[in-house]
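Here is a brief report on aromatic pairs, salt bridges and surface charge. Look at the structure first, then read on.

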Amino acid sequence: MSGREDNGVSRMSPGSCEHNIPADDALAAGAGDMADGAASEAHPEEIHPGAAHTEGPCTGVLCTRCHVPLYQLEGVVRRHGERTVLDVPRLDITAGGITGVVGPNGGGKSTLLRLLALLDAPCRGELHFAGEAVGPLSAARTAELRRSVTLLLQEPYLLRRSVYENVAFGLSMRGVRDTADAVRGALELVALDPDVFLHRRWFELSGGEAQRVALAARLAFSPRVLLMDEPTASLDEDSAARIADAARAVAGRGTTVIVVSHDRDWLEPLADRILKVRRGLVEG
Ligand SMILES: Nc1ncnc2c1ncn2[C@@H]1O[C@H](COP(=O)(O)OP(=O)(O)OP(=O)(O)O)[C@@H](O)[C@H]1O
């Protein structure tokens with residue numbers, strides 16, 4: 001039994017440079033991003049300044065008419081105190097597909113993921129998300145963009161409630177009233193039978209089941225980007241395979257999936273592209 005409640009709320013890491021994203025509701029990963037507001041399946045045209053929309057507004061998650069990568073990092077540096085922990089001269093990540101991130105402990109993988117989750121901003125350089133420079137944005141705009149990005153951590157963050165309430169929570173926060181079908185669909189995506197699990201409480205779940213419920217809670221609102229940091233670290237092979245299946249399924253529907261893992265055997269068959277992060281440098 002490892003399901004537990006954690007509001008998942010933490011502020012920007014102390015000791016980091018001052019260039020954090022200006023949002024007073026800067027919820028860290030976990031339940032925080034579930035509470036962040038409405039996910040946007042479609043991205044409005046205004047977040048693609050300069051993109052070549054010649055046939056009307058861009059409407060798809062995976063927009064084939066936009067020539068703007070989903071993420072563009074240029075000269076991005078992230079520091080903790082005086083120490084540079086990430087230094088990315090240039091990195092583009094296109095929309096769609098599954099990107100794997102590997103590298104040794106302390107290499108900078110989670111630091112990169114937090115930037116991509118729009119939870120931290122570069123200390124130097126520019127991070128563009130869907131064509132929009134993230135650092136200089138208002139808190140409101142940042143919060144809006146962040147609603148389309150979700151981060152699943154190694155530790156499942158669950159509310160002290162039923163599986164149904166956990167998975168419905170993010171949807172309810174986004175103003176969705178009728179959550180029943182979406183909750184069932186999300187549980188099916190992570191291979192948990194809704195008839196069996198819907199009314200289980202958080203403490204009636206194994207660690208692997210809790211992690212899949214945490215993932216279902218994020219998939220329920222169809223995020224544009226799903227980031228996962230070591231999602232299978234404490235899971236057995238079967239649960240890890242179910243997480244991989246869910247990642248493939250949502251990537252097939254247009255969600256961009258970016259996943260950090262030390263388990264190369266699990267990650268390599270899953271990922272379309274692998275980034276290596278070592279000593280703060282990114283290759284691949
Ligand atoms: N809040 C912080 N304050 C100071 N240093 C930090 C902080 N967070 C991370 N670091 C440092 O930044 C570097 C990169 O850490 P990060 O967590 O990104 O590595 P990682 O590749 O995800 O490692 P692991 O595989 O162990 O999870 C490490 O040297 C770490 O000590």
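A residue is called buried under 20% relative accessible area, exposed over 50%, and partly exposed in between (1.4 Å probe, protein chains only). This is a predicted model: local features need pLDDT of at least 70, side-chain atom pairs count only at pLDDT 80 or more, and totals for chains, interfaces and linings use all residues. Residues are numbered from 1 along each chain as its sequence is written, and side-chain values use heavy atoms, leaving out hydrogens and water.

**Aromatic pairs**

Y71 and F129 are both buried. Rings of Phe, Tyr and Trp (its six-membered ring) pair if their centres lie within 6.5 Å; planes under 30 degrees apart are stacked, over 60 edge-to-face, and the rest tilted. The whole structure holds 2 aromatic pairs. In one, the ring centres of Y71 and F129 are 5.2 Å apart with planes at 50°, so this pair is tilted. It links distant parts of the chain: Y71 sits in strand β1 (residues 71-80) and F129 in strand β4 (residues 124-129), 58 residues apart. Strands here are DSSP runs of E, at least two residues, and helices are runs of H or I, at least four; both are numbered from the N terminus.

W202 and F203 also pair, with centres 4.8 Å apart and planes at 90°, so the arrangement is edge-to-face. W202 is buried at 15% relative accessible area. F203 is partly exposed at 34%.

**Salt bridges**

A salt bridge needs a side-chain nitrogen of Lys or Arg within 4 Å of a carboxyl oxygen of Asp or Glu. The count comes to 13.

| Salt bridge | N to O distance |
|---|---|
| E74 and R90 | 2.8 Å |
| D245 and R242 | 2.9 Å |
| R264 and E268 | 2.7 Å |

E74 in strand β1 and R90 in strand β2 (residues 83-93) are 16 residues apart, and their bridge links distant parts of the chain. E74 is partly exposed, at 45%. R90 is partly exposed, also at 45%.

D245 and R242 both lie in helix α8, 3 residues apart, about one turn of the helix. R264 is partly exposed at 35%, and E268 is partly exposed at 41%. Shared partners join the salt bridges of D238, R242, D245 and R248 into one network.

**Surface charge**

D236, E237, D263 and D265 form a patch of negative charge on the surface. Patch residues have over 30% relative accessible area and no salt bridge, with like charges joined within 9 Å. E237 belongs to helix α8 (residues 237-252). E237 is exposed, at 74% relative accessibility.

Note on methods: Patches are made of residues with over 30% relative accessible area and no salt bridge: like charges are joined within 9 Å, nonpolar side chains (Val, Leu, Ile, Met, Phe, Trp, Tyr) within 5 Å. Accessible areas come from the Shrake-Rupley method with a 1.4 Å probe; for residues, only the protein chains shown count as cover. Lys and Arg count as positive and Asp and Glu as negative; His and the chain ends are not counted. The place of a charge is taken as NZ of Lys, CZ of Arg, CG of Asp or CD of Glu.
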